[in-house]
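Open the model in your viewer and keep the selection tool at hand. This tour goes from stop to stop.

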Amino acid sequence: MTPNEKLELQKFAAQIRIGTVECIKSRGFGHIGGSLSVADTLAVLYGSMMRVDPRNPAMPDRDKLVCSKGHAGPAVYAALALKGFFPYEQLMTLNRPGTKLPSHCDRKLTPGVDMTTGSLGQGTSLAVGMAMGDRLQGRSCRTYLIVGDGEQDEGQVWEAAMFTAAQKLTNLVWLIDWNKKQLDGYVKDVLDPMDLEEKFRAFGFDACTVDGNDVEAVHAALAREPEGKPLAIVLDTVKGKGVAEVEQTMGNHSMNVGAEVFDRWLDSLRRDLAALEEKGRAAQ
């Protein structure tokens with residue numbers, strides 16, 4: 001990855017964070033912590049790795065995203081809007097009557113969303129089915145699956161993982177958002193999943209752990225092509241990454257704050273984006 005490519009992905013991640021916060025601000029509350037933690041991964045996927053076409057969202061041989069932690073929908077919506085799947089202004093309709101952007105991802109409503117998710121654990125099995133279908137059809141595309149760390153409490157996750165490895169579904173990439181927190185506490189205190197990398201390796205994956213808030217590290221991990229094994233990437237992230245006040249709040253799974261607080265967060269994020277843009281101009 002060149003310095004310019006890295007900078008472009010960092011800018012895209014910053015824009016996704018801005019879009020995410022604007023989206024949630026329009027409703028006054030929402031799942032901000034786990035949306036912000038996956039912004040860098042979404043930037044790499046939609047900005048570099050995935051073969052998609054906003055003009056043809058149902059393109060059969062497209063790469064697909066299943067955000068099994070469907071409550072991170074606002075971040076997915078922001079990425080899709082920035083890619084041109086629908087007008088950016090629609091982000092301000094989150095979870096409103098008649099909206100195409102419900103609080104959890106819904107493939108029947110939102111252009112670019114490949115699978116309806118939100119009932120934790122179920123997205124893993126759905127992603128397996130999608131990857132199996134593509135393989136049976138002889139397609140060369142990939143399915144990328146984002147799973148929460150608290151979601152590992154669901155037994156369905158491990159059934160799907162076992163099946164993924166047993167069937168050698170190398171066209172399915174597991175991305176585990178290890179942001180250390182779930183709805184009501186630290187993951188290690190609620191139901192400790194122990195060493196996720198070692199667990200996925202034991203299930204038959206080629207597994208690695210990377211800084212999930214570093215676009216270069218995420219890109220390098222996604223570029224790996226293990227022979228005969230599916231890939232599982234444990235993303236070591238910070239819940240609420242990019243907004244210091246959210247990062248430092250214990251109960252940041254879903255937050256309800258006033259418009260002035262959202263505006264303060266947006267001002268900070270826009271300054272971060274401006275700094276990246278200035279860095280790009282200085283490098284020219």
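Select F203. Its relative accessibility is 29%, so F203 counts as partly exposed (partly exposed lies between buried, under 20% relative accessible area, and exposed, over 50%, with a 1.4 Å probe and protein chains only). This is a predicted model, where local features need pLDDT of at least 70, side-chain atom pairs count only at pLDDT 80 or more, and totals for chains, interfaces and linings use all residues. Residues are numbered from 1 along each chain as its sequence is written, and side-chain values use heavy atoms, with hydrogens and water left out.

Now count ring pairs. Rings of Phe, Tyr and Trp (its six-membered ring) pair if their centres lie within 6.5 Å; planes under 30 degrees apart are stacked, over 60 edge-to-face, and the rest tilted. The count comes to six aromatic pairs. One of them joins W158 and F203: a tilted pair, 5.1 Å centre to centre, with 50 degrees between the planes. The partners are 45 residues apart, W158 in helix 6 (residues 155-166) and F203 in the loop between helix 8 (196-202) and strand 7 (206-211). Helices (H or I, at least four residues) and strands (E, at least two) are DSSP runs, numbered from the N terminus. W158 is buried, at 13% relative accessible area.

Next, select F200 and F205. They form an edge-to-face pair, 5.3 Å centre to centre and 85 degrees between the planes. F200 is buried at 0%, and F205 is buried at 1%.

Move to W178. What sits over its ring? The charged end of K180 does, 4.4 Å from the ring centre (the rule asks for NZ of Lys or CZ of Arg within 6 Å of the centre and within 35 degrees of the ring normal).

Go to K239, in the loop between strand 8 (231-236) and helix 10 (244-247). K239 is buried yet has no salt bridge (a side-chain nitrogen of Lys or Arg within 4 Å of a carboxyl oxygen of Asp or Glu). The nearest side chain of opposite charge, D149, is 6.1 Å away. Show H253 too: its side chain makes a polar contact with that of K239 at 2.9 Å (N or O atoms within 3.5 Å, one able to donate a hydrogen and the other to accept it).

Last stop: helix 3 (residues 39-49). Eight of its eleven residues are buried, among them A39, L42 and Y46.

Key. Lys and Arg count as positive and Asp and Glu as negative; His and the chain ends are not counted.
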